[in-house]
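Here is a short briefing to read alongside the model. Please have a look at the structure first, and then follow the notes topic by topic.

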Amino acid sequence: NRVAIMHPVETFGTSSFGALALLDEPVAWDKTGNMVQVAFLISFAATGSEKLNGLLGTMSELCTSVEAVDRLIGSQDWDTFAELLEAAQARFEATVL
C-alpha cells in the first residue's frame, strides 16, 4: 500500500510525537520488494496514552484507503493530510459506536 509506520515495540519517554515523510518516488522498503512512499514515525509516552487506540484506528483507516494514500502522495500538502486524517477519524469513530 506504499505506507510504512515505524514505531517502538513498547511505549517509553515522557512525551508522544509523530513525523510524516512523503517521498517524491517510492523506495524499496524490505527484501520482499514492498515499496514505500509515505512513512510515518510515531512514538507514545509511557504514561498518558489513553488515546492510543483511537489514533491507531484512525491511522489504520487512513493507511488502508488506496484513494487517501494516492491523494496524499499526489498533493504532498499538510492541509490535505489534515483533511484526510479527519475523514479517517470520522470513519473509525463510526465503526466503534
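The buried residues of α3 are covered by elements that include β2 (17-28), β3, α1 and α2. Here buried means under 20% relative accessible area and exposed over 50%, with partly exposed in between (1.4 Å probe, protein chains only). Helices (H or I, at least four residues) and strands (E, at least two) are DSSP runs, numbered from the N terminus. This is a predicted model, in which local features need pLDDT of at least 70 and side-chain atom pairs count only at pLDDT 80 or more, while totals for chains, interfaces and linings use all residues. Residues are numbered from 1 along each chain as its sequence is written, and side-chain values use heavy atoms, with hydrogens and water left out.

**Helix α3**

- The buried residues of α3 are Thr80, Phe81, Leu84, Ala88 and Phe92.
- They lie on the same side of α3, because they cover an arc of only 100 degrees around the axis; the arc is taken from the directions from the helix axis to the C-beta atoms.
- On the face turned away from that buried side, α3 carries the exposed residues Asp79, Glu86 and Ala94.
- With 19 residues, α3 reaches 27 Å from its first C-alpha to its last, close to the expected 27 Å; the expected span is 1.5 Å times one less than the number of residues.
- The N-terminal end of α3 is capped by aspartate 77, which has a side-chain oxygen 3.0 Å from the backbone nitrogen of aspartate 79.

**Helix α1**

- Gly57, Thr58, Met59, Leu62 and Cys63 are the buried residues of α1.
- These buried residues pack against β1 (2-6), β3, α2 (66-75) and α3 (78-96), where contact means heavy atoms within 4.5 Å.
- The end C-alpha atoms of α1 (residues 52-63) are 16 Å apart, which agrees with the 16 Å that its 12 residues should span.

**The largest nonpolar core**

- A nonpolar core is a set of buried Ala, Val, Leu, Ile, Met, Phe, Trp, Tyr and Cys residues joined through side-chain atoms within 4.5 Å.
- The largest one has 13 residues, of which Val3, Val38, Phe40 and Leu62 touch the most other members.
- Two or more residues of this core come from each of β3, α1, α2 and α3, and α2 gives the largest share, 4 residues.
- Leaving out residues up to four places away in sequence, leucine 62 touches Phe40, Ala68, Val69, Phe81, Leu84, Leu85, Ala88 and Arg91.

**Serine 43**

- Serine 43 lies in strand β3 (residues 35-43) and counts as buried because its relative accessibility is 4%.
- Beyond its neighbours within four places in sequence, serine 43 is in contact with Pro8, Phe12, Ser16 and Phe17.

Key
Polar contact = N/O pair within 3.5 Å; in protein donor to acceptor, adjacent residues only side chain to side chain.
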